[in-house]
Amino acid sequence: MADESRERLLKEEHYYHENCPGCKMEQENQLHRGFPFRQLLMISLIVLVTGLPISAFFPFLYFMVRDFNIAENVEDIGFYAGFIGASFMIGRALTSVFWGIVADRYGRKPVILFGTFIVFIFNTLFGLSLNYWMAIITRFLLGSLNGILGPIKAYASESVNEEYQAIAMSSISTTWGIALIIGPAIGGFLAQPAEKFPGIFSSEGLFGRFPYFLPCLCISLLALVTGIISLWLPESLHTHDKDAPSPCISYEALEDQPGDCNGNGATLTNKRKELSSKPSLFRNWELMSAIIVYCIFSLHDMAYVEIFSLWTVSSRSLGGLSFTSGDVGEVLAITGFSLLVFQSALYPYVERIFGPIMVSRICGILSIPMLAAYPFLSLLSGAVLHTVVTLASILKNLLSVSIITGLFIIQNRAVDQNQRGAANGIAMTGMSLFKAIGPASGGALLSWSQKRLNAAFLPGPHMIFFILNVIEAIGVVLTFKPFLVPRQN
């Protein structure tokens, strides 16, 4: 009887629209309040196939550019490699707002479906690149035509009850962090298979002629499977008249306001006024300040991912750790598993106690002394070195993902449901511009720092990690008032 009463109230006139997919999802969430395992699994899978292509090529990018014979000198390889890394983010920056608007007008699901199949097509073509310019173009198209990340954040906040929104946002940032970590592990293990596994892959076969195709193919097949599964993904966007009262009203709110279910004119008029007087997103300082802080931390994270991969495989004579690609893959695989456990089990409780902004602020502060200690890891060796690097990688990435999760939550709370796609599109545009700087400059800065090993001030890798800390410190400062002012719910 209780469920029947809820369904009757939720379908009451002015609140439920029979043919609106958003209303149907809202009703489903109100009637079934258990843990949203299915929704979180699908969200995580979609984010995973979106994030893997971004970082999987880092371990083999140097060798791919070398094989293209585009660089006249070995020292120039990093310069050309940076443009391949940046082309994806430039493409995404140009179209993120467009995909956000499409998601707000036509729904989250069409953008998600289109994006997963784009990953399948262009990530496959990238692995089959015949020359430098083909690699640049396929990466650019992969970034510009894949508009998933903004709409999936809006979808995550809409597809679960409010009590699970922190977990939903956490699942996005966790999976994103895992993708940025597992991606290089996949690229490192599977690239150049004919050299690593000559008994399985022939040097004259497909994977011998295209040594970087196997990791791209594996990710593309995962994207294809995800796209097929996503055909059954329910839509979350409300499609009824924008002046109609919002259906996003909980069962408890309906019980507290029985007059509204009978069409109380004063309350409904107020709701119409609220919906019709939406401010411009660019004038929404709660949103824009969160996006700016998000962009700063995104620049730091993207630069860190590239620098960590390059620094660990650098020789000890250059201040590196002399790791193999397999060693790096092992460290990142363990890190990814640890992220999954922490963010799914602990982050929601931490966020509930301290709030998203405080969590982001504390994690940013803790990251600074940790990064400052990285150059001293080269003094270690053997099993101790591997253990310490693994622990440092786990902790650093836990802190980074927690920061991004908190900012995701703040951004989505700053706007109404029918503006979240566009809001996240703006966030993706800004983030992509900042992340485009990361790959283009990270390798160049590391190369420069390795040429000043005998400098009096911050020699060798000390300089590159100092620069990363400066970026992190700027982000931390901006989390304080009056700059970042999150909406009070």
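The model is predicted, so local features need a pLDDT of at least 70 and side-chain atom pairs count only at pLDDT 80 or more, while totals for chains, interfaces and linings use all residues. Residues are numbered from 1 along each chain as its sequence is written, and side-chain values use heavy atoms, with hydrogens and water left out.

The protein chain has 22 helices and zero strands; these are DSSP runs numbered from the N terminus, with helices (H or I) needing at least four residues and strands (E) at least two. Of its 489 residues, 57% are buried, where buried means under 20% relative accessible area, exposed means over 50% and partly exposed lies in between (1.4 Å probe, protein chains only). Contact here means heavy atoms within 4.5 Å. Among contacts in the chain with a separation of 6 or more, 80% come from residues 24 or more positions apart.

Now for two helix pairs. Helix α3 (residues 37-55) packs with helix α12 (residues 213-229) at an angle of about 150 degrees, their axes 10 Å apart. For such numbers, axes are lines fitted to C-alpha atoms, for helices over the stretch in contact, and angles run from 0 to 180 degrees between N-to-C directions. That angle is why α3 and α12 are roughly antiparallel to each other: angles over 145 degrees get that label, under 35 count as roughly parallel, 65 to 115 as roughly perpendicular, and the rest as oblique. The crossing of α3 and α12 is left-handed, a word used if the near helix is turned anticlockwise from the far one by less than a right angle, with right-handed used if clockwise. On the α3 side, M42, L45, I46, L48, V49, L52 and P53 make the contact, and on the α12 side I219, L222, A223, T226 and I229 do. Sorted by class, this contact has 11 nonpolar, one polar and no charged residues. Ala, Val, Leu, Ile, Met, Phe, Trp, Tyr, Cys and Pro count as nonpolar, Asp, Glu, Lys and Arg as charged, and the others, Gly among them, as polar.

The second pair is α9 (residues 165-190) with α20 (residues 382-413), at about 140 degrees and with axes 9 Å apart. That makes α9 oblique to α20, and their crossing is right-handed. The α9 residues that meet α20 include M169 and I172, and the α20 partners include F408 and N412. By class, the contact of α9 with α20 has eight nonpolar, seven polar and no charged residues.

Some of those residues turn up again around helix α8 (residues 149-158), where 10 of 10 residues are buried. One of the residues in α8 is K153, which is buried with a relative accessible area of 0%. Leaving aside neighbours within four places in sequence, K153 is in contact with M169, I172, Y294, F408, Q411, N412, N424, A427 and M428. K153 and Q411 are 258 residues apart along the chain, yet their C-alpha atoms are separated by 9.7 Å.

Finally, S360 sits in helix α19 (residues 356-372) and is buried, at 2% relative accessible area. Its side chain reaches the backbone oxygen of I403 at 3.0 Å. Beyond neighbours within four places in sequence, S360 is in contact with S402, I403, G406 and L407.

Notes: A polar contact is a pair of N or O atoms within 3.5 Å; within protein, one must be able to donate a hydrogen and the other to accept it, and residues adjacent in sequence count only if both atoms are side-chain atoms.
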